[in-house]
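Subject: Structure handover

Dear colleague,

I am passing the structure on to you, with my notes below it. Please read them alongside the model.

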Amino acid sequence: MAVVVKPQIHPLDKYLRTERLPTIYCPGCGIGIALGAFMRAIDRRVNEGTLDLNKVIWVTGIGCTARSVFYPWVDGAHVLHGRAIAFAMGAVLANPELLAIVVGGDGDIAGIGGNHLIHAARRNADMIVVMITNFVYAMTGGQVAPTTPIGVRTTTTPHGNPEYPMNAVKLVASLNANYVARASVTTPHYIEQYFYKALGMRGFRFIEVVSTCPEIYGRHIGLRDPLEMFLELKKRVKYKPRPSIEEAEIDWEKGIVIGEFIERNNPSLLDILFKGVSK
Amino acid sequence: MKKVFASGNMAVAEGAITAGLKFYAGYPITPSSEIFEYLAEKLSKLGGIVIQMEDEIASINAIIGASWAGVKAMTATSGPGFSLMAEGIGLAVITEAPIVVVNVMRAGPSTGVPTKTSQSDVLQARWLSHGDYIVPCYAPWNVQEAYDLTIKAFNTAELVRNPVVVLTDQVIAHMWESLTIYEPGEVEIINRKLPPPGPTAYPYKPDDDLVPPMPIFGRGHKVIVESLIHDERGFYAPRTEDYRELVKRLTLKVLRRLDYIYEQETKFCEDAEVLLVSYGSTARTVNVIAKELRKKGIKAGFLRLKTLWPLDENKIRRSSKAKKVIVVENNLGKIYMDMDRIFKDREVYSAPVLSLELPTPQEVMEAVEVWL
């Protein structure tokens, strides 16, 4: 058996496959900010003794965000486009001790994987689903996403997107999820806080992280400069302490509301399946 | 060991339980649903999980997840659902996840005739997903064999860490016959190899049999289940050498076990001048016709394929010296293409009987007689 030696420079390196760093992400991409926030939340949980990293599975589909599976030093699965939630559900049902963290982009989770998102939330299935929204299909070069605002020119909507975007927070909140929150890469402390909270809950936990993609989306909307795009997003993000679900706006013109929209402790799918005797 | 009266679908479910099934995810579809319903009733009581997913895509992905969580997992479906599972089969191949997929064939294309039989999916079962790979496929011809070959499918899946297909059809599924069910210890059960505990630096490094031990989620192995072409560490490796190495190994590890995987049955082959080749439900009628022809003085032999893929070509070639080979199947002639290749020095004819019912002796006789 080969011995695994990992160089450690940063305090969070112990949670990373440092041999795979640097990440694949473009300069100005928000995914790294989100990953950093997740790792800090994990660090807090591990230090408190409320998280066993051996039981964590990091499950992703396909896309820029999905490649985040390359980095955390936990069991991981880089599966099919849109199917991470279904894969995670099978793993958790087969071994209820596992804590599934599904991380994906808006195309992966809300586009091709939308049906699984709906039904996992309806079941209050035991998993955390993080959707990092960059409003575009970035890995494939800038095609329209279900979250792209109307009118935006993309490579597949060169005359302007004729469709209305999806508000995934409102969608998931309409179902049985135990936790629904939205943060932004411009507010990493909230990403950390929400993720930390989600790690301690049961049932379906959904966190949307609004992100910056200057390389692809920025090109489409004239914000090619990473800092400029970050600052433009920051201007639009409005934190609300206890927002109602009606307030869950995500609109480049009217603003992007972040906060915790749903927080409840309903019995999860595992609780019901095992009649409260699981774990 | 106990004897019961059961349908083919029940036999598949019982075979899966005997093999050690612990997780079933499915979506209702005729004529396979009884497998799901039977397991929902029985497997849950045995400590397993049975869940109805939102579609067949979710079902196959869930069983791959369950397989990586360390349990034996299965799904069952029919044509349209099987088509939806195409991408998932490829995921199970490249991540080397042992799973069993049952396809109870019905008439197609598309929605076809949900309640009637067919053997049209025999090549679909072989090449459902994109890419290069081998997915073993078993085709039982009666209720007992539906049970036995389901156990064998699980054993094969665990042995070579690969998806395996059990291909039945509406006739086998809904036919009732006596069935012998084994108790634990009465039948060979194979379980996947596991790595030693602790982080596994090279989770895709194979042993001598080309099969790597399978790191299971939740045991500290820190494995990455990777759908991209990967090296032995599980890291993305878009290089020709790594691609070749992985894809060749995925194929060779199955072929090396051909002796174990491939099964066939022969009857009256010693002096046969005409060899009738068939499989699955249609073979039931062809068996009768072989006997009929013998009564008429025609030296007919009977070769029944129990494994439809991969084929042991030498074994097939050696099964008979007959100069004439007639392939009877309930489709437009699919396994015929293999037989035409394998028996390339003989006269090989396709005798398709395209029927929504079990082909009758008269229909098979008419189809065969054309070539006698």
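What follows is a description of the chains, their contact and the sheets.

This is a predicted model, in which local features need pLDDT of at least 70 and side-chain atom pairs count only at pLDDT 80 or more, while totals for chains, interfaces and linings use all residues. Residues are numbered from 1 along each chain as its sequence is written, and chains are lettered from A and ligands numbered from 1 in the order in which they are written.

Chain B overall

Chain B has 14 helices and 15 strands; helices (H or I, at least four residues) and strands (E, at least two) are DSSP runs, numbered from the N terminus. The C-alpha trace of chain B spans about 70 × 45 × 40 Å along its principal axes. The radius of gyration of chain B is 21 Å, which agrees with the value near 21 Å for a compact globule of 372 residues; this radius is taken over C-alpha atoms, and the globule rule is 2.2 Å times the number of residues to the power 0.38. Of the 372 residues in chain B, 56% are buried. A residue is called buried if 20 or more other C-beta atoms lie within 10 Å of its own, exposed if 12 or fewer, and partly exposed in between, with C-beta atoms placed from the backbone. Among the contacts in chain B with a separation of 6 or more, 75% are between residues 24 or more positions apart; a contact means that the C-beta atoms of two residues, placed from the backbone, lie within 7 Å.

Domains of chain B

The assignment for chain B gives domain 1 (1-261) and domain 2 (264-369), with bounds that come from an automatic or database domain assignment. Their centres, taken over C-alpha atoms, are separated by 28 Å. Domain 1 of chain B puts 27 residues into the contact between them and domain 2 of chain B puts in 22 residues. On the side of domain 1 that touches domain 2, the elements giving two or more residues include strand 7 (163-169), helix 8 (170-174) and helix 9 (240-255) of chain B. Helix 6 of chain B has the largest share of that side, with four residues. By class, the side has 20 nonpolar, four polar and three charged residues. Here Ala, Val, Leu, Ile, Met, Phe, Trp, Tyr, Cys and Pro count as nonpolar, Asp, Glu, Lys and Arg as charged, and the others, Gly among them, as polar.

Contact between the chains

Chain B gives 41 residues to the contact and chain A gives 31 residues. Strand 2 (21-26), strand 3 (49-52), helix 3 (56-68), helix 5 (86-94) and strand 9 (224-226) of chain B each give two or more residues to the side that touches chain A. Helix 3 of chain B gives the most, nine residues. That side of chain B has 26 nonpolar, eight polar and seven charged residues.

Strand 2 (residues 75-78) of chain A and strand 9 of chain B run parallel and are joined by three bridges; two strands pair if DSSP finds at least two bridges between them. Within this pairing, Val225(B) is the bridge partner of Ala77(A).

In helix 5 of chain B, the buried residues are Gly88(B), Ile89(B), Leu91(B), Ala92(B) and Val93(B). Their cover includes helix 3, strand 5 (99-105), strand 7 and helix 9 of chain B. After helix 5 of chain B comes Glu96(B), with a positive phi near 55°.

Nonpolar core

A nonpolar core is a set of buried Ala, Val, Leu, Ile, Met, Phe, Trp, Tyr and Cys residues joined through C-beta atoms within 7 Å. The largest has 217 residues, of which Ala88(A), Ala91(A) and Leu276(B) touch the most other members. This core lies between domain 1 (1-261) and domain 2 (264-369) of chain B, because both give residues to it. Not counting residues up to four places away in sequence, Ala91(A) touches residues including Ile57(A), Trp68(B) and Phe217(B).

Sheets

An open sheet of seven strands in chain B has the order 3-2-4-5-7-6-13, with mixed pairing. Strand 3 and strand 13 (307-309) of chain B are its edges, each pairing on one side only. Strand 2 and strand 4 (residues 72-77) of chain B run parallel, with three bridges, and Tyr24(B) stands opposite Met74(B).

In chain A, strand 10 (residues 250-251) runs antiparallel to strand 11 with two bridges, and a hairpin joins them through three residues.

Regards
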